[in-house]
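Work through these exercises with the model open. Try each task before you read its solution.

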Amino acid sequence: REKRNAMLKACEQEFAGVPGVSWLHPSGGMYVWMRLPVHVHTGFDSEVFRQATQVEKVMYVPGELSYPFDWPARPKCEMRLSFGVQSVEGIQEGIRRLARAVKTVMKVNG
């Protein structure tokens, strides 16, 4: 619960003012699901993934991988963010880096 709450708080702080970004508040599990605007893709070949992993050195799981491959409506703008392994400090830093990557791709200041 402490790590989940740390991730949710970090998302609120780091993604405040970023249009079209939302996330679910899970009651259990080890993941927070984040959704970007539908035109901002998050897959392995996306600009967000490249910016996050190569520039900001932070990793997420593209949400589309968690849907059946034959499902025609697999969202391509979601991310699965894990808080299970990282420390609270690591979660805060990871969300800070992820927010920088998303803001860079979306060309959002702040």
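**Exercise 1. Which residue in strand 4 does Val32 stand opposite?**

Solution. Val32 stands opposite Leu81 in strand 4. Before going on, note that this is a predicted model: local features need pLDDT of at least 70, side-chain atom pairs count only at pLDDT 80 or more, and totals for chains, interfaces and linings use all residues. Residues are numbered from 1 along each chain as its sequence is written, and side-chain values use heavy atoms, with hydrogens and water left out. Helices (H or I, at least four residues) and strands (E, at least two) are DSSP runs, numbered from the N terminus.

**Exercise 2. Work out the order of the strands in the sheet.**

Solution. Step 1: take strand 2 (residues 31–35) and strand 4 (residues 78–82). Five bridges join them, and they run antiparallel. Two strands pair if DSSP finds at least two bridges between them.

Step 1: Trp23 has Met34 of strand 2 as its bridge partner.

Step 2: write the order. The open sheet has four strands in the order 1-2-4-3, with antiparallel pairing. Strand 1 and strand 3 stand at the edges with a single partner strand each, so one side of each has no neighbour in the sheet.

**Exercise 3. Find the buried side of helix 2.**

Solution. Step 1: list the buried residues (under 20% relative accessible area; exposed is over 50%, partly exposed in between; 1.4 Å probe, protein chains only). In helix 2 (residues 47–55) they are Val48, Phe49, Gln51 and Ala52.

Step 1: check their directions. They cover an arc of only 170° around the axis, which puts them on the same side of helix 2. The arc is that of the directions from the helix axis to the C-beta atoms.

Step 2: find the cover. It includes strand 3 (61–62) and helix 3 (88–106). Contact here means heavy atoms within 4.5 Å.

Step 3: look past the end. Just after helix 2, Lys57 takes a positive phi of about 60°.

**Exercise 4. Classify two aromatic pairs.**

Solution. Step 1: set the rule. Rings of Phe, Tyr and Trp (its six-membered ring) pair if their centres lie within 6.5 Å; planes under 30 degrees apart count as stacked, over 60 as edge-to-face and the rest as tilted. The whole structure holds four aromatic pairs.

Step 1: take Phe15 and Trp23. Their centres are 6.3 Å apart, with 55° between the planes, and the pair is tilted. Both residues are buried.

Step 2: take Phe44 and Phe49. Their ring centres are 5.1 Å apart and their planes are at 80°, so the pair is edge-to-face. Ring pairs link Phe44, Phe49 and Tyr60 into a cluster.
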